[in-house]
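Student: I would like to go through this model with you. Let us take the chain contacts, then a sheet, then a helix pair.
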Amino acid sequence: MQSQIPLYPEQASNFAPQVDTLVVFMMAVCLFFAVAICAAVIFFFFKYQRKHPDEIGVPIHGDLRLEITWIVLPFFLLLAMFGWGAVIYVDYRHTPTDTLDIYVIGKQWMWKLQQPDGRKEINELHVPVNRDVRLIMASEDVIHDFSVPAFRVKMDVVPGHYNTMWFRPTKVGKYHFFCSQYCGTNHAVMGGWVEVMEADEYAKWLSGTSGSGDPVSMGEKLYNELACNTCHLPDGKGRGPSYFGVYGSKVKLADGSTVTADDAYIRESILQPNAKIVAGYVPVMPSFQGLVTEDQILQLTAYIKSLKDQPPPGRPGATEPATGKK
Amino acid sequence: MSSAPITPSGGEKLPREHYLNATYGIRSWLLTTDHKRIALLYLISVTFFFFIGGIFASLIRIHLLTPGGYLVTPETYNKLFTMHGVAMIFFFLIPSIPAVLGNFLIPIMIGAKDLAFPKINLLSWYIYLVGGGFVLYSFATGGLDTGWTFYTPLSSIYSNSAVTPAVIGIFINGFSSILTGLNFIVTVHTMRAPGMTWMRLPLFVWAHYATSIIFILGTPVIAITLLLAGLERMFHLGFFNPAYGGDPILFQHMFWFYSHPAVYIMILPAMGVISEIIPTFARKPIFGYDFIAASSIGIAVIGFIVWAHHMFLTGQSTYSAVAFSFLTFLVAIPSAVKVFNWTSTLYKGSISFDTPMLYGLGFIGLFTIGGLTGLFLACLGLDIHLHDTYFVVAHFHYIMVGGAIMGYLGGIHFWWPKITGRLYPESLARIAAIVLFVGFNLTFFPQFILGFLGMPRRYHDYPPEYQVLNVMSTAGASILALGYLLPMVYLTWSMRYGKVAGKNPWPATGLEWTTDSPPLTENFHETPVVDWEVYDFEHRPELGLLGAVSKKPAPAHGDD
Amino acid sequence: MADHSEHIVSPKVYAAILAALLVGTVLTVEAAKINLGRWNIILALTIATIKMSLVILFFMHGKYSSRRTQLVIVAGFFWLAIMLGLTLQDYSTRHAEPSRSQINDPATTVFLRS
Amino acid sequence: MHRTGELFGQYRTLEQQKETASLGMWVFLVTEILFFGGVFLAYTINRHAFPTAFGIGGNMLDLNLGFANTIVLIASSFTMAMSVWSAQTSHKKLVPIFLILTLVLGSVFLGIKVVEYKQKFDHHLIPGHSFDISYCSKNPTACGLSGKALEDEKKEIEEGIQAEKGNPKDPDEGGLVALNAHAQLYFSLYFGMTGLHALHMIIGAGLLFWLILEARKGRFDANYNTPVDNIGLYWHFVDIVWIFLFPLLYLINRHLA
């Protein structure tokens, strides 16, 4: 467990240092006032303790000069805070011209993202470092919010509107992104990772998936293309069980029996999905008989196999299947 | 003038006849038009809702002890925080001080026999009960999971929970607020006793006047907004539904037009309470009376033109965001003026250590922190990062719990002798005040840091790096819960066994302290005539304090 | 602070106001049938506002009410103006949303539709 | 319980009592302004977004009925004002007569409203699954449309379909689907606004009924007329709401019809 309490999120975008500098300024001003007021209260409290039970205080009714001072002085401080904040915000809302455009769709409870070349990702975003990135966002159902604390940016994703946001990642690494506007049952797990890569790594990543590759990456591509991803969410909270850590494990079935998840089981689950239903899920998956070739089944199996070392979701089957009204 | 010199309390008897023993029986309470009895009816009902909201809060905090959330399912968690918000905001915080203390005190403070419309006052309590009934029905039949903000289209289309009865309940409850506000405004205008000029009104009354302005002008808008959202849900209309071209952002505009000023509904009355407590226990006139009174009105007015600062990141126009941010910074000034004036009042006072004063000073500290952190959120650049994180949660709990509830409890302790005629055990009460202060800070201060680190609000599950702070917060919450239970126990005890308080135990200068404790049904034996300035200890020899000189012949001035 | 004793408006005045309101109604209907572009809406709302003022001032005795009552009326409309005005200024200054032409990549359009 | 000019316990003088009642009523009306203000705001924003659909929707309303209703309501306001005058001048016999006239006119208004609602129902203009803005142009006989009126309506809807195709708020939907959705929004607002107004009328009619019973007993005169006065204020307020609803709902874009 963490031995220390972190006080600062990482600074990984052009906005992060700007925001943090402003925080320091505001913190200084606010601390000054908070400390001054608390110190005054405590000091007066002890200094003017009642000495005799029937004693009264000195009748002072007010002082116009003081009142004017503490109206005018804070006003200018507030003006400074306002102006500084507005500058950052206006910058944030005005996208630079040459941007890498990523299209983002929020839906209950996942993110669909698409690179400019059409490559799709689910709950993951790969971007090159030091390049202006614009997210163009739409929602399929309710209001969501795409938020990356390490970049200090967020923006609501509103159905019926296209909202945009931009940032320039400045540090290679993996950072959390969250859904920050409450959107229903699984709001808290509607998040993922932004992976900031060196420009050449990013290019390699982009091209790596478009050419013919190893069975695992082909399987991953199929996983997206056949829309397995819409139900078999990594966290197991979709309509179907997660693939994570499933290969080779003992799977508990709805009828109470157990089965080992081997190649045959996976093949059967694709072609006759309702033959064996995992406990906690309902039989809603259609058969893929005739829709996938044997090659593709192998690739999918390879992909699922590759995920066997991933941690399985916390409580498989303990959550109800998603029942979003649509 | 009827006020006799103060006699030390203890060993006295309660007055032979007062509002509590004027009539007996359930009917005499349920059909009463006496503002004091209605205040007690409200006291019981808001305490009930406070308990319900408190239970939800405890479950939330226990659930958040560990990442991964093992106590309740995500759906249940969402229902818990929604119902916590609905119960606490609409059925506890908004009516708490106005409907309990305001109802009890405003007529007495201005020297009237009752509010202008006593029957409407009773009606507003029944409306509250009906609204509350609908909301409890919603809680009981599965609860609702939309967040207290009812953002469309989640609330109007996608949520599967019992949204409709809750919306109806809040809609109905709105009329209770409207009628209370209407009653207060008219009462303050037309029912003042001879000599009670505007500039002699206690600041508590000024604060409630400002609050009533918000009740009157804001509440109808939330009523119509929730009505439209409810209709949209029931009949699949399209007011806020993008599928029909409706705009969810419009809902937010209309919702916050009321709900931002509603924050001031909660805090303004608490500020009024503090403005009474501080001069009483510093035994000197309040510093800058007219500035505090004017700032109440200023907050009420400016508070209406800042609402869209809840919507900086919804795609609102940049110009609009800049304008609303500026206006939001402006509203900080009247709040700051109040804090500076309260602090200055302590200077050269004769300060005592009584329980209400502890709440008063605690309020100053917590409200200062709550207010200053509000600046972070008003600041456009920082709101990009802090919006919808735990920073927001911490900020508004500092205002609403640290501000409004501390004010409410302070007020209850301050006027308890007037309400019941008896004193509570002082040392126990002081301990409770300190426990509350400590527990509160431990609960909510870590949430500022959580928010700055980026933990979004309304998460049933969070990454493990946030755990330490969450554990601190939960630990604080258990202390806080103890702090709330203590007063409930000893105040109930004192109703029967407390020492008899006498007319004016502190002593304080307001008109309410010149009548019996508890007062008569008609409040005063004869219509009082006010011939002293507000918070004046110096010219009030009947209070029996040292250094008081006899009244100077002060002509009434400033009549409206 | 007391209200002055109530003012009695004579039936003649009421009749005159009735006539004015009826004329206003006919006017606004006739004006609506002519194409004046954006002035149609402005004219219609102006006539409605005049009609409203007549009702408030005479039928509702607003003209003869105490200052305090007049202040209450004005405050009501002032707050209505705040609500309408500040909300409309947001909507009327929005240019930031990318228009459809900016998002014209066919692949994207398909994606956004999915 | 309402004895003439009785002084209630909480007041010191009759003057104070009367003044308080009047102020209370005005404050209540201010809340009503804001209450209706909410729907007016919703109307404004949506009309701003979909001028074409809202224009077409407005032209689907029956101008003659709307005009008649405006006249009826203004007349009822006049009779209400006259009943207040009768009470103030102690014409005790006239008070109930004018009140009854007001109630009758109010009922006529509601009756016409019912006819209008029925018409909208027949023309498939009730928001819901069967909503179809082009119903009348497709089934002219059912709506009694013919000749130039039919041609106009067909043309208008065709233009509307073209205009909605490029609506930036719905880039994916074009033509009739969008037009129907947005016209449905107009009719939701139409029913919401007129329904809320009619509800106020019904409450007003109930109050008038009670007032008539009291007035027939000769309760109201120069000394005591607060209830007539206050209910009169309420009735005029409801009239004012209609004065705005009429042009906003019926007249906008009428010149295009």
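Student: How many residues of chain D are in contact with chain C?

Tutor: This is a predicted model. On the chain C side, the contact involves 44 residues. On the chain D side, the number is 39.

Student: Which helix gives the largest share of the side of chain D that touches chain C?

Tutor: Helix 1 (14-49), helix 3 (63-88) and helix 9 (226-251) of chain D each supply at least two residues. That side divides into 24 nonpolar, ten polar and five charged residues. The largest share is 14 residues, and it comes from helix 1 of chain D.

Student: What pLDDT does chain D average?

Tutor: In chain D, 93% of the residues score at least 70. For the complex, the predictor gives a pTM of 0.87 and an ipTM of 0.88. Chain D averages a pLDDT of 88.

Student: Turn to chains A and B. Which helix of chain B gives the most to the side that touches chain A?

Tutor: The contact takes 82 residues from chain A and 83 from chain B. The chain B side has 48 nonpolar, 25 polar and ten charged residues. With 14 residues, the top contributor is helix 10 (residues 318-346) of chain B.

Student: Now the sheet in chain A. Which are the edge strands?

Tutor: The sheet is open, with five strands in the order 4-10-9-6-7 and mixed pairing. The twist averages 20° from one strand to the next. An edge strand here pairs on one side only. That holds for strand 4 (124-128) and strand 7 (153-157) of chain A.

Student: Do strand 4 and strand 10 of chain A pair in the parallel or the antiparallel sense?

Tutor: Five bridges link strand 4 to strand 10 (residues 192-197) of chain A. A:Pro128 stands opposite A:Met197 in strand 10. The sense of the pairing is parallel.

Student: Which residue is the bridge partner of A:Lys174 in strand 10 of chain A?

Tutor: Strand 9 and strand 10 of chain A pair over five bridges, in the antiparallel sense. Across from A:Lys174, the partner in strand 10 is A:Glu195.

Student: How many bridges join strand 6 to strand 9 of chain A?

Tutor: Strand 6 (residues 144-148) and strand 9 (residues 173-179) of chain A run antiparallel. A:Ser147 stands opposite A:Phe178 in strand 9. The number of bridges joining strand 6 to strand 9 is two.

Student: How many nonpolar residues does the contact of helix 11 with helix 14 of chain B have?

Tutor: Helix 11 of chain B brings residues including B:Leu358, B:Tyr359 and B:Leu366, while helix 14 brings B:Ile434, B:Phe437 and B:Phe440, among others. Three residues of the contact are polar and two are charged. The nonpolar count is nine.

Student: Last, the domains of chain A. How far apart are the C-alpha centres of domain 1 and domain 2?

Tutor: Chain A is divided into domain 1 (100-210) and domain 2 (215-306). Their contact takes six residues from domain 1 and seven from domain 2. The domain 1 side has three nonpolar, two polar and one charged residue. The separation of the C-alpha centres is 26 Å.

Definitions and conventions:
Residues are numbered from 1 along each chain as its sequence is written. Chains are lettered from A and ligands numbered from 1 in the order in which they are written. This is a predicted model: local features need pLDDT of at least 70, side-chain atom pairs count only at pLDDT 80 or more; totals for chains, interfaces and linings use all residues. Two residues are in contact if their C-beta atoms, placed from the backbone, lie within 7 Å. Helices (H or I, at least four residues) and strands (E, at least two) are DSSP runs, numbered from the N terminus. Ala, Val, Leu, Ile, Met, Phe, Trp, Tyr, Cys and Pro count as nonpolar, Asp, Glu, Lys and Arg as charged, and the others, Gly among them, as polar. pLDDT is the predictor's confidence in each residue, from 0 to 100. Two strands pair if DSSP finds at least two bridges between them. Axes are lines fitted to C-alpha atoms, for helices over the stretch in contact, and angles run from 0 to 180 degrees between N-to-C directions. Domain bounds come from an automatic or database domain assignment.
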